Amino acid sequence: MSERRIAGEPASRGIAIGPLVRLADGSAEIGRRHGDPAAERAALDAAITAARTELAELAAAADELAREILEFQVEMLGDPALVAEAAEAIAGGAPAGAAWAAALAGQIVAFGEAEEEYFRARAGDLADLRDRVLGHLANGAAVVPQTLPAGAILVAHDLGPSRFLGLDWSRLGGLALEAGSRTSHLAMLARARGVPLVTGLGPLAGETGEAVLDAAHGFVILAPEPDTLARYHAQRSAAGADDDPAALARPATTRSGERVLTLLNVDDPAALEPHRLAASDGIGLVRSEFLFLGRERPPEEAVQRRAYEALLEAAAGRPVIVRTLDIGGDKPLPGVTLPQERNPFLGLRGIRLCLERPELFRPQVRALLRAAVRGNLKVMLPMVAHPDEIAEARELFAAELAGLRAAGLAAALPEIGIMVEVPAVAIRPERFAAADFFSIGSNDLIQYTLAAARDAGGRVARLALGLDPAVARLIANMVDFGRETGKEVSVCGDLASEPDAVGALLDLGVRRLSVAPAALGRIKAAIAVHG
Ligand code: PEP
Ligand code: MG
């Protein structure tokens, strides 16, 4: 059989090479009888208790994100209305499984149709919960035990978060889903754990054998040719440098001894490993969305301030660049972003939205101004497309600073830089000289330059692979502007975390890279062989 490539949606980066193994779908016989209604009810109660015990055990060992998901499930299991609905159906003669599935069906549909992503993501959690209880009813266990070979690429139609958390990812390769989405809770968990995940691949029934999961680009490659395999093995062993303490600890210098600054991108401070931070030159991008996403209300100013201060403390004097809230586009925030936008990537997102919604932005600004007295803090504005946006943001920072000082509170104005992710900035950077520094967001810069949505996958994603000459020209423009003005120019988009792209970025004159923490070792290794 010759090599075949199936395109899906990249949902959690990484590469897996291994046998494709279909995960038993755990589908249970919902019509199975346990006896009279009393026996059915007893079976349901026992299954719910068993499921709740398992979920509580998983939650006890979980990090914050996983715990939040699992605790919602435990809470739903204790919902008397849900159990009462199933009990009523059982009293009317329904088998326990059918009664339970029917009681959850309405909830799953209601959550699945919600306008807000936050609630839609809950539909998957409920389906997961339904299946766990059904598994116990049918098999006496949530999941039928299955032997999974080391390094396997697991295939499923979709997968619930608790099922994902129950698998031993230290010995498995990655996950290929026929359905699913990159905004699901499962995808968030996979990203937090560094498990490669591609969603939306379509039917994979009957596919077996050795495969490659390229979750950076959203492909599964079936029956890979020997040179495809060799290429991916090479990429993966470069990634092996990430866990090698010596590779991590080396200073980032090129072969000719030129120093390159390597900083980290922080999406979730809870997942930031201290030894990686210690091996870096600081934090080049804090995606402050972590404070806002997955909750019903924006966080209080004090909560934000404490989070920024904790990062400054961890960075121990090295720079920490916090990007102000960047929502909209690929990062919707329920209740804040506009669900009806026809083209959210070109809509009210990033700094545009913050300036439009000062009641959302001001607490963040105050938290940053107050945290700035505690370390080497810099602030970065996302999605700037017009110089007025910098001016307006500066006015807001100045006004809040004056207010804090008038109230006798310690505060300082940090440097304010901008992301370079809209081509308008990179084409005429001199118009944006009011920024103190620049950081190139290649993810968005590529999508806007090539008119290729970053979450499109498939043929569209292929347009955005590697370093396109037009994007290279824009980066060179920024590097030249940095040289002329003495302002820092870094790259913090995913391109900086790709060893294959690092040589080209260094050739363009880039000397500051902000990378995914998991990629630090491989990026230092790529720098060391350059020049
Ligand atoms: C980028 O666009 O490259 C970037 C770093 O920001 P984000 O991926 O968070 O949009
Ligand atoms: Mg961006």
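This is a predicted model: local features need pLDDT of at least 70, side-chain atom pairs count only at pLDDT 80 or more; totals for chains, interfaces and linings use all residues.
Residues are numbered from 1 along each chain as its sequence is written, and chains are lettered from A and ligands numbered from 1 in the order in which they are written. Local features need pLDDT of at least 70 and side-chain atom pairs count only at pLDDT 80 or more, while totals for chains, interfaces and linings use all residues; side-chain values use heavy atoms, with hydrogens and water left out.

The magnesium ion (ligand 2) is held by Glu421 (OE) and Asp444 (OD) at 2.0 to 2.2 Å. Donors here are N, O and S atoms within 2.8 Å of the metal (3.2 Å for Na, K and Ca), and sites may look incomplete because water is not among the atoms. The pair links distant parts of the chain, 23 residues apart: Glu421 sits in the loop between strand E13 (415-420) and helix H15 (423-427), and Asp444 in helix H16 (residues 442-450). Helices (H or I, at least four residues) and strands (E, at least two) are DSSP runs numbered from the N terminus. Glu421 is buried, with a relative accessible area of 2%, and Asp444 is buried at 2%. Buried means under 20% relative accessible area, exposed over 50%, and partly exposed in between (1.4 Å probe, protein chains only).

Next comes ligand 1. Of the 14 residues around ligand 1, those that come nearest are Arg287, Lys331, Gly441, Asn443 and Arg454, where a residue is near if one of its heavy atoms lies within 4 Å. Oxygen atoms of ligand 1 lie 2.6 Å from a side-chain N or O atom of Arg287, 3.0 Å from a backbone N or O atom of Ser442, and 2.7 Å from a polar side-chain atom of Arg454. Taken alone, ligand 1 exposes 290 Å², of which the protein buries 99%; these areas come from the Shrake-Rupley method with a 1.4 Å probe, and for residues only the protein chains shown count as cover.

Glu289 lies in the loop between strand E10 (283-287) and helix H11 (301-315) and is buried at 3% relative accessibility.

Helix H19 (residues 499-507) has Ala501, Val502, Leu505 and Leu506 as its buried residues. Seen down the axis of H19, these fall within an arc of 140 degrees, so they line one face of the helix; the arc is that of the directions from the helix axis to the C-beta atoms. They pack against helix H18 (469-485), strand E15 (489-491), strand E16 (512-515) and helix H20 (520-528). The face turned away from the buried side carries the exposed residues Asp500 and Asp507.

Most residues other than glycine have a negative phi. Met383, however, has a positive phi near 65 degrees; Met383 lies in the loop between strand E12 (377-381) and helix H14 (387-406) and is buried at 1%. Ala451 has a positive phi of about 50 degrees, and its place is in the loop between H16 and helix H17 (458-463). Ala451 is exposed, with a relative accessible area of 70%.

Notes:
A polar contact is a pair of N or O atoms within 3.5 Å; within protein, one must be able to donate a hydrogen and the other to accept it, and residues adjacent in sequence count only if both atoms are side-chain atoms. Contact means heavy atoms within 4.5 Å.
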